Amino acid sequence: MWSPEREAEAPAGGDSAGLLPPEWEEDEERMSFLFSAFKRSREVNSTDWDSKMGFWAPLVLSHSRRQGVVRLRLRDLQEAFQRKGSVPLGLATVLQDLLRRGELQRESDFMASVDSSWISWGVGVFLLKPLKWTLSNMLGDNKVPAEEVLVAVELLKEKAEEVYRLYQNSPLSSHPVVALSELSTLCVGSCPDERTFYLVLLQLQKEKRVTVLEQNGEKIVKFARGPHAKVSPVNDVDVGVYQLMQSEQLLSRKVESLSQEAERCKEEARRACRAGKKQLALRSLKAKQRTEKRIEALHAKLDTVQGILDRIYASQTDQMVFNAYQAGVGALKLSMKDVTVEKAESLVDQIQELCDTQDEVSQTLAGGVTNGLDFDSEELEKELDILLQDTTKEPLDLPDNPPETFYTNSVPNPRISDAELEAELEKLSLSEGGMELYSQGCWWAWGPLGDSSQAQGW
């Protein structure tokens, strides 16, 4: 855990392997030039100045990004960029230029820019700057002390976004209010030290995505509901829900502790019974029963608290749905602002009138022009009669009628019952040349090819 006494020992540098440019090991002349100090003014030699600044400024920021830190110190950077026993002499000038461009900011200045009265409770060292730093600022000396902490502004914004996403994807996001201690535990992997965690909270507070409040000696943090929403102040409902959540956790821990105690009493009773100590075993069993009754009572209280929380969460969901409906009604009203029933009826009448006009125009265009060709219907009917008379006088060339086939052996079939049909079906048999069929007292035989001309009856 971070403490003000350990601040001086907290490293901000680290192994720079893997992020150094190729000339670092290959070009001795180039590196000797880059490790030399800057001229007192850029006007002396702007080319050399810009060349050094273009090398070191991106390297400082990429080093911090690679290490996952947002707090920089000149001393740590000098240790990280040592080469063959030499230390870059121009790093202080580089940090001054980054401060001037706003890419870095003094930690104390950043804290002063945020209304963060809550931060003084655990990180009072933030507000205690060494006297030489204060005097340097008052006298206009822009030099960066080796121990002064600077903040990489862009990296801090990225870290704040990472912490916000981490919270949104965690079970803590079920309610916007969370204990600062729980949030700190959640962010251990993202914030390497507690001071970085506080800086991230300050950045989120600056972006109006969180607000921090002290309640009964404990700090609670409220998050904005959406990634683009602004956080609202902590109200009585938030405090009440937070207290219920704390009560739920306390009851759960108590139930777990009593369950372990009941199990311990059970084991003691078992050991006493094996040792023949009946009275001791009975006392242990009584203690176990008393503990179980306490557990039952706590379970009832826990169910009540959880039921209240469920109702609160349901009411919050209902409120969100109500707000969505209200926004939908407003949008619908706005979209139908100039639409009325009278206007709709008038528009339909106009459309019908235009359609009728279009039909009349189409009929006029279709039947109004004959190119001067008018035909008398009576003359057409006379000509049609003449054609019909000529046709009746001519013999029609029709095909001959097919010869009628008479079957002399055909006998009208009387109505036959089902029993008679079944009896006839049993008499069906296959002959060598074809099939013989007995019907109504006659046998008919067909040839192998079914030629009816070969049929004989007897």
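Student: Which residues touch the most other members of the largest nonpolar core?

Tutor: This is a predicted model, in which local features need pLDDT of at least 70 and side-chain atom pairs count only at pLDDT 80 or more, while totals for chains, interfaces and linings use all residues. Residues are numbered from 1 along each chain as its sequence is written, and side-chain values use heavy atoms, with hydrogens and water left out. A nonpolar core is a set of buried Ala, Val, Leu, Ile, Met, Phe, Trp, Tyr and Cys residues joined through side-chain atoms within 4.5 Å, where buried means under 20% relative accessible area with a 1.4 Å probe, protein chains only. Of the 55 residues in the largest such core, those that touch the most other members are W56, V60, V221 and F223.

Student: In which order do the three strands of the open sheet stand?

Tutor: Strands (E, at least two residues) are DSSP runs, as are helices (H or I, at least four), and they are numbered from the N terminus; two strands pair if DSSP finds at least two bridges between them. Here β5 (residues 210-215) and β6 (residues 218-223) run antiparallel and are joined by six bridges. Because β4 (177-179) and β5 stand at the edges, each with a single partner strand, one side of each is left without a neighbour in the sheet. The order is therefore β4-β6-β5.

Student: Which residue of β6 is the bridge partner of L213?

Tutor: The strands β5 and β6 form a hairpin with two residues between them, and N216 in the turn has a positive phi of about 55°. Within this pairing, E214 has K219 as its bridge partner. For L213, the bridge partner in β6 is I220.

Student: Which helices do the buried residues of α2 pack against?

Tutor: In α2 (residues 28-35), the residues M31, L34 and F35 are buried. Seen down the helix axis, the buried residues fall within an arc of 95° (taken from the directions from the axis to the C-beta atoms), so they line one face of α2. They pack against α1 (23-26) and α3 (46-67).

Key. Buried < 20%, exposed > 50% of the residue type's maximum accessible area, 1.4 Å probe, protein only. Contact = heavy atoms within 4.5 Å.
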